[in-house]
Amino acid sequence: MDVSRLRKKVLIADDKEMIRTLIRDTIESDGYEILEADNGDTALALALDHKPDLVILDIMMPGKIGYEVCIALKDNPLTADTYVMFITGRTSPALFSTASRAGGDEVIVKPFDPIELKEKIKNVLFSRKAGASSVAHRSQRSPLA
Amino acid sequence: MSTAFNRTDEQALAEQVRELQELNAAKDKFLSLLSHDLRNPMTGIKGYASLLRANVAGDKPQRWLGVMIDQIDFMTRFINDLLDILRFDEHRLELALEPVDLRGLVAAEAEAAKKTAATRGVTLAVELPAGPVMVEAETPRLANAVRHLVDNAVKFAGDGGRVEVQLAAELGSARLTIEDDGPGVMPERKPYLFDKLQGAYWTDRLEEQGSGLGLPVAYRLIAAHRGALELESEFGRGCRAVMRLPLAQGRVD
């Protein structure tokens with residue numbers, strides 16, 4: 001049996017290396033397979049290639065911006081189920097509605113608490129197939145309306 | 001002859017006004033960009049301080065890291081306040097309104113201020129009405145305005161002082177009064193209380209920790225909720241902040 005197939009895959013896409021490293025340092029002890037991209041085009045290519053369970057997606061990046069990457073992932077049947085967590089330092093009134101229209105599942109605003117992010121990611125990755133309990137976890141997400 | 005001279009004068013003046021307005025807009029734009037760009041380094045500092053705190057034993061390191069995280073959170077609130085002020089002044093502040101019972105919001109902010117009040121020996125009394133006081137509000141932003149008003153009152157009441165928070169509904173509006181028995185407002189400061197830059201200058205002179213943005217941001221957040229903030233004070237006789245907001249049901253008829 002190929003054990004690596006059971007490992008959850010997380011793609012971290014942010015043009016700031018420090019932010020990618022911080023997220024990697026935060027979650028790597030949980031045993032995920034972690035991929036990194038420093039621009040939107042690489043993020044989309046890696047996501048289509050590796051089909052991660054979760055994509056943590058910066059919005060303002062070189063190449064395709066986060067919204068475009070998210071739309072492309074959600075439009076593709078192979079990656080439509082991928083959970084997309086936007087991460088951004090630029091808040092605006094339109095942020096949550098635009099993120100939602102792009103198909104995003106959640107928005108994290110910088111500066112975030114890494115310990116909370118770690119727990120959130122654990123919930124996302126291990127509750128989605130857990131049937132009834134996933135509803136409870138879903139209600140904990142940031143409102144995307 | 002003199003008419004032509006005056007026109008040139010007026011033109012020069014108009015030109016100067018336009019230049020100053022452009023300069024002012026450029027300054028606000030710069031502040032806004034700067035504030036956004038601070039978020040990444042702040043994410044790094046807060047992030048690694050939090051990871052360290054979760055991985056390091058010992059009371060002292062825990063306390064030191066706690067101070068670092070608290071200060072970063074202070075900077076984050078400062079930046080959010082500054083951005084809200086700039087948004088409001090550029091007519092770009094949009095709120096996600098929902099019906100809110102002000103009693104819960106005021107009680108929560110008063111409760112949060114009790115710790116600081118206790119360490120300063122300030123008595124904090126809260127009086128809420130029996131029935132709901134419903135307004136249309138974006139809770140985090142209105143709560144932020146109320147927090148600044150309560151924190152200010154506690155700060156200026158001083159050791160052994162008293163702060164009274166009173167909420168009432170009257171004639172289609174909600175009225176929140178926050179009164180302290182501190183030194184009050186210096187007369188020369190009154191015209192500038194809600195000015196975003198003057199606030200900062202004066203805070204410097206008062207030797208108090210604070211951003212100086214508290215009143216300017218509270219004033220704008222309350223105005224964005226179609227309300228009004230007034231400050232009544234006689235120097236040496238305390239200060240009373242009065243916030244008025246339209247009641248939610250008042251809008252129906």
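The legends below describe several close-up views of a predicted model.

**View 1. Chain B as a whole, with its helices and strands.** Chain B contains 7 helices and 7 strands, and read along the sequence these follow the pattern α-α-α-β-α-β-β-α-β-β-α-α-β-β. The C-alpha trace of chain B spans about 80 × 50 × 40 Å along its principal axes, and of the 253 residues in this chain 40% count as buried. Among the contacts in chain B with a separation of 6 or more, 71% are between residues 24 or more positions apart. The chain exposes about 14,200 Å², of which carbon and sulfur atoms supply 55%.

View 2. Leaving aside residues up to four places away in sequence, B:Leu102 touches B:Val133, B:Val135, B:Leu142, B:Leu167, B:Ala174, B:Met243 and B:Leu245.

**View 3. The buried side of helix H3 in chain A.** In this helix, which covers residues 66–75, the buried residues include A:Gly66, A:Tyr67, A:Val69, A:Cys70 and A:Leu73. These residues lie on the same side of H3(A), because the arc they cover around the axis is only 160°. The buried residues of H3(A) pack against helix H2 (40–50), strand S3 (54–58), strand S4 (83–88) and helix H4 (95–101) of chain A.

**View 4. A salt bridge between two buried residues of chain A.** The side chains of A:Asp58 and A:Lys110 meet in a salt bridge, with an N to O distance of 4.0 Å. The pair links distant parts of the chain, 52 residues apart, since A:Asp58 is in strand S3 of chain A and A:Lys110 is in the loop between strand S5 (106–109) and helix H5 (114–127). A:Asp58 is buried, with a relative accessible area of 5%, and A:Lys110 is also buried, with a relative accessible area of 2%.

View 5. B:Arg147 forms a salt bridge with B:Glu109, and their closest N and O atoms are 2.9 Å apart. This pair links distant parts of the chain, with B:Arg147 in helix H5 and B:Glu109 in helix H4, 38 residues apart. B:Arg147 counts as partly exposed at 30% relative accessibility, whereas B:Glu109 is buried, with a relative accessible area of 10%. Another salt bridge joins the side chains of B:Glu111 and B:Lys114 (3.7 Å, N to O), which both lie in helix H4 of chain B, 3 residues apart, or about one turn of the helix. B:Lys114 counts as partly exposed, at 37% relative accessibility.

**View 6. A nonpolar patch on the surface of chain B.** B:Phe30, B:Leu34 and B:Leu38 make a nonpolar surface patch of about 270 Å². B:Phe30 has its place in helix H1 (residues 2–37) of chain B, and this residue is exposed, with a relative accessible area of 53%.

How values were computed: Residues are numbered from 1 along each chain as its sequence is written. Chains are lettered from A and ligands numbered from 1 in the order in which they are written. This is a predicted model: local features need pLDDT of at least 70, side-chain atom pairs count only at pLDDT 80 or more; totals for chains, interfaces and linings use all residues. Side-chain values use heavy atoms; hydrogens and water are left out. Contact means heavy atoms within 4.5 Å. Buried means under 20% relative accessible area, exposed over 50%, partly exposed in between (1.4 Å probe, protein chains only). Helices (H or I, at least four residues) and strands (E, at least two) are DSSP runs, numbered from the N terminus. The arc is that of the directions from the helix axis to the C-beta atoms. Patches are made of residues with over 30% relative accessible area and no salt bridge: like charges are joined within 9 Å, nonpolar side chains (Val, Leu, Ile, Met, Phe, Trp, Tyr) within 5 Å. Accessible areas come from the Shrake-Rupley method with a 1.4 Å probe; for residues, only the protein chains shown count as cover.
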